[in-house]
Amino acid sequence: MATVTFYEKPGCSNNTRQKKLLTAAGHQVVAKDILTETWQAERLRAFFGELTVRDWFNYSAPAIKHGEIEPDKLTEQEALALMLENPLLIRRPLMQVGDTLMAGFDQQAVDNWIGLQKIETASDLESCPRTLEKASCSHE
């Protein structure tokens with residue numbers, strides 16, 4: 001099984017569920033705080049691979065929900081600069097196994113990559129389940 005470096009927002013319920021899926025499949029998870037990690041643009045960019053710029057973003061971030069940032073209108077450089085300034089904008093989790101990097105938690109993509117147990121879930125494992133009005137996560 002794999003050792004997964006897992007960049008998360010501590011306290012995020014979806015990140016907690018994602019880590020449980022990984023450990024249930026026998027993977028070792030090394031959790032790191034995405035908000036306090038010292039990111040460099042080149043390193044952060046590597047996690048997004050072939051994703052379009054709009055898919056680099058966490059759409060639960062308050063700045064996006066309030067319309068302050070429109071990911072569809074940003075260049076790669078603008079997007080990275082905003083994420084370095086405000087890591088809440090980064091799509092979570094960021095994961096690394098060896099030299100391979102991934103952003104987000106698409107169960108099928110993760111299963112194809114490192115393997116997951118066949119656990120059926122109807123819930124969205126990426127979008128924050130809390131409404132903006134009821135959000136109680138720290139750092140937001």
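This report covers the sheet, its hairpin, a packed helix and the nonpolar cores of a predicted model.

## Basis

Local features need pLDDT of at least 70, side-chain atom pairs count only at pLDDT 80 or more, and totals for chains, interfaces and linings use all residues. Residues are numbered from 1 along each chain as its sequence is written, and side-chain values use heavy atoms, without hydrogens and water.

## Sheet

Four strands make an open sheet, ordered 2-1-3-4, with mixed pairing. Strands (E, at least two residues) and helices (H or I, at least four) are DSSP runs numbered from the N terminus. Two strands pair if DSSP finds at least two bridges between them. Strand 2 (28-33) and strand 4 (100-103) are the edges, each pairing on one side only. From one strand to the next, the twist averages 20°.

Helix 1 (residues 13-24) lies across strand 1 (3-8), strand 2 and strand 3, at about 175° to strand 1. Axes are lines fitted to C-alpha atoms, for helices over the stretch in contact (heavy atoms within 4.5 Å). Angles run from 0 to 180 degrees between N-to-C directions.

## Hairpin

Strand 3 (residues 94-97) and strand 4 run antiparallel, joined by four bridges. M95 stands opposite M102. V97 has T100 as its bridge partner. Two residues separate the strands of this hairpin, and G98 in the turn has a positive phi of about 60°.

## Cores

The largest nonpolar core has 23 residues; F48, F57 and L94 touch the most other members. Helix 2 (41-48), helix 3 (62-65) and helix 4 (76-85) each supply at least two of its residues. A second, separate core of 13 residues includes V4, F6, V110 and L116. A core is a set of buried Ala, Val, Leu, Ile, Met, Phe, Trp, Tyr and Cys residues joined through side-chain atoms within 4.5 Å. Buried means under 20% relative accessible area (1.4 Å probe, protein chains only).

Note on methods. Buried < 20%, exposed > 50% of the residue type's maximum accessible area, 1.4 Å probe, protein only.
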